[in-house]
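Dear colleague,

Please find below the structure that I am handing over to you, with its sequence. My notes on what was found in it follow directly after.

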Amino acid sequence: MLPNELRAKSLGVARSNLAERKKGATKPRGRFRKAAAAELTPLTRAIVDERPTYGYRRICALTNRRSNCRWCSDHLEIGARNGEVVCVLFVIDGCDREIIA
């Protein structure tokens, strides 16, 4: 085995992780701010209680949603060969890019 492979195996990480760290490509995490997390804890707890099968990524995405304060809409018309007009209308939430059904 190569030295990087041995190091990666002994540390239990991928070789690519070691290579990136050696280059300095990865950024160290910032300090944990308990006060900022305390504001989100009730919201996170409510989402977890409502959707217990969701993983941490989905919970994080739902927690990071903002209020629906900006909506965008557009429409277009397509003329068909038989003379009929097809109208398409969509509305999108400008904050979290969610398409309204």
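The mean pLDDT of this predicted model is 79, and 83% of the residues reach 70 or more; pLDDT is the predictor's confidence in each residue, on a scale from 0 to 100. Confidence is lowest in helix α1 (residues 3–11), with a mean of 78, and highest in strand β1 (residues 71–79), with a mean of 86. Because the model is predicted, local features need pLDDT of at least 70 and side-chain atom pairs count only at pLDDT 80 or more, whereas totals for chains, interfaces and linings use all residues. Residues are numbered from 1 along each chain as its sequence is written, and side-chain values use heavy atoms, with hydrogens and water left out.

Overall composition

The protein has four helices and two strands. Read from the N terminus, the order of these elements is α-α-α-α-β-β. Helices (H or I, at least four residues) and strands (E, at least two) are DSSP runs, numbered from the N terminus.

Of the 101 residues in the protein, 9% are buried. Here, buried means under 20% relative accessible area, exposed means over 50%, and partly exposed lies in between (1.4 Å probe, protein chains only). The accessible surface comes to about 9400 Å², and carbon and sulfur atoms hold 54% of that area. These areas come from the Shrake-Rupley method with a 1.4 Å probe; for residues, only the protein chains shown count as cover. Among contacts with a separation of 6 or more, 15% are between residues 24 or more positions apart, a contact being heavy atoms within 4.5 Å.

Helix α4 and its cover

Helix α4 (residues 56–63) has I59, L62 and T63 as its buried residues. Viewed down the axis of α4, these buried residues fall within an arc of 100 degrees, so they line one face of the helix. The arc is that of the directions from the helix axis to the C-beta atoms. The cover over the buried residues of α4 includes α3 (34–50).

T63 deserves a separate note. This residue of helix α4 has a relative accessible area of 11% and is therefore buried. Apart from its neighbours within four places in sequence, T63 is in contact with L40, L43, T44 and I47.

R45 belongs to helix α3.

Salt bridges

Two salt bridges are present in the structure. The criterion is a side-chain nitrogen of Lys or Arg within 4 Å of a carboxyl oxygen of Asp or Glu.

One of them joins D49 and R45, whose closest N and O atoms are 3.1 Å apart. Both residues lie in helix α3, four residues apart, which is about one turn of the helix. In general, an α-helix has 3.6 residues a turn, so residues three or four places apart point the same way. D49 is exposed because its relative accessibility is 53%, while R45 is partly exposed, at 47%.

The other links the side chains of R51 and E50, with an N to O distance of 3.5 Å. R51 counts as partly exposed at 29% relative accessibility, and E50 counts as exposed at 57%.

L76, I78, V86 and V88 make a nonpolar surface patch of about 310 Å². The elements that contribute two or more residues to this patch are β1 and β2 (85–93). Patches are made of residues with over 30% relative accessible area and no salt bridge; like charges are joined within 9 Å, and nonpolar side chains (Val, Leu, Ile, Met, Phe, Trp, Tyr) within 5 Å.

The N-terminal helix

N4 lies in helix α1. At 39% relative accessibility, N4 is partly exposed. Not counting residues up to four places away in sequence, N4 touches R15 and L18. The C-alpha atoms of N4 and L18 are separated by 7.6 Å, and the two residues are 14 apart along the chain.

With kind regards
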